[in-house]
Amino acid sequence: MGTLKDRLTVDMRTALKARDEVTTSTLRMALAAVGAAEVAGRAKRELGDEEVLAVLAKEAKKRREAAAAFAEAGRGEQAAKETAEGAVLERYLPSQLSDDELAEAVAAALTAGGFTGMAQMGPAMKAAQSAVAGRAAGGRVAAEVRRQRAG
């Protein structure tokens, strides 16, 4: 198929024809976020698949946080809507690493970079983030880097 953005557009049209309101509205929102990212900055540019994935990951994170906030406030209907939208976005994101896989990836990145101790947390985080490439949330990666550096 073409780019990830093309896939989102095709899937949105398919959902529209199938009258799947949740998928249609979620993909419209995602395409709007991609469009906004394309015009951000000095000149409009086409985003690559990696950049589109980053936008989708950010939108999925917003949905998770909103669902948690709504659930905490006792607003179950809105929480369910946000959860459903998050599930639609998750279809387009790479599968998340398990805790063991994350530990292995972080350990390999830290060993390859020769990072030791907490003083090198910034460069160690950068290396670990590039090693997992969006397959784990930043908080999980940071916690694993801290755990391995402290030990």
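In this predicted model, helix H1 passes helix H2 in a left-handed crossing, a term used where the near helix is turned anticlockwise from the far one by less than a right angle. The protein has 7 helices and 0 strands, and its elements run α-α-α-α-α-α-α from the N terminus on. Helices (H or I, at least four residues) and strands (E, at least two) are DSSP runs, numbered from the N terminus. Because this is a predicted model, local features need pLDDT of at least 70 and side-chain atom pairs count only at pLDDT 80 or more, while totals for chains, interfaces and linings use all residues. Residues are numbered from 1 along each chain as its sequence is written, and side-chain values use heavy atoms, with hydrogens and water left out.

**Overall dimensions and burial**

- The C-alpha trace of the protein spans about 55 × 40 × 30 Å along its principal axes.
- Of the 151 residues in the protein, 34% are buried; buried means under 20% relative accessible area, exposed over 50%, and partly exposed in between (1.4 Å probe, protein chains only).
- Among contacts (heavy atoms within 4.5 Å) between residues at least 6 apart in sequence, 59% join residues at least 24 apart.

**Packing of H1 and H2**

- Two packed helices are described by the angle between their axes and the distance between the axes.
- Helix H1 (residues 4–17) and H2 pack at an angle of about 150°, and their axes are 9 Å apart.
- This angle makes H1 roughly antiparallel to H2, since angles over 145 degrees count as roughly antiparallel, under 35 as roughly parallel, 65 to 115 as roughly perpendicular and the rest as oblique.
- Axes are lines fitted to C-alpha atoms, for helices over the stretch in contact, and angles run from 0 to 180 degrees between N-to-C directions.
- On the H1 side, Lys5, Leu8, Thr9, Asp11, Met12, Ala15 and Leu16 meet Thr23, Thr24, Leu27, Arg28, Leu31, Val34 and Glu38 of H2.
- The residues of this contact of H1 with H2 divide into 7 nonpolar, 3 polar and 4 charged; Ala, Val, Leu, Ile, Met, Phe, Trp, Tyr, Cys and Pro count as nonpolar, Asp, Glu, Lys and Arg as charged, and the others, Gly among them, as polar.

- Threonine 24 lies in helix H2 and is buried, with a relative accessible area of 6%.
- The side chain of threonine 24 reaches the backbone nitrogen of leucine 16 at 3.3 Å.
- Not counting residues up to four places away in sequence, threonine 24 touches Met12, Ala15 and Leu16.
- Glutamate 38 is placed in helix H2 (residues 21–39) and is buried, at a relative accessible area of 2%.
- A polar atom of the glutamate 38 side chain lies 3.5 Å from the backbone nitrogen of leucine 47.
- Beyond residues up to four places away in sequence, glutamate 38 touches Lys5, Ala43, Lys44, Arg45, Glu46 and Leu47.
- Arginine 19, in the loop between H1 and H2, counts as exposed at 73% relative accessibility.
- Arginine 19 has a positive phi of about 60° although it is not a glycine.

**Packing of H3 and H4**

- Helix H3 (residues 49–72) and helix H4 (residues 76–90) pack at an angle of about 160°, with their axes 8 Å apart.
- H3 is therefore roughly antiparallel to H4.
- H3 passes H4 in a left-handed crossing.
- From H3, the contact is made by Leu56, Glu59, Ala60, Arg63, Arg64, Ala66, Ala67, Phe70 and Ala71, and from H4 by Gln78, Ala79, Glu82, Thr83, Glu85, Gly86, Leu89 and Glu90.
- The residues of the contact of H3 with H4 divide into 8 nonpolar, 3 polar and 6 charged.

**Two phenylalanines**

- Phenylalanine 70, in helix H3, is partly exposed, with a relative accessible area of 22%.
- Leaving aside neighbours within four places in sequence, phenylalanine 70 is in contact with Arg75, Gln78, Ala79 and Glu82.
- The C-alpha atoms of phenylalanine 70 and lysine 81 are separated by 9.9 Å, and the two residues are 11 apart along the chain.
- Phenylalanine 115 is found in the loop between helix H5 (99–113) and helix H6 (121–132) and is buried, at a relative accessible area of 14%.
- Apart from neighbours within four places in sequence, phenylalanine 115 is in contact with Ala109, Leu110, Gln120, Pro123, Ala124, Ala127 and Arg149.

Terms used: Polar contact = N/O pair within 3.5 Å; in protein donor to acceptor, adjacent residues only side chain to side chain.
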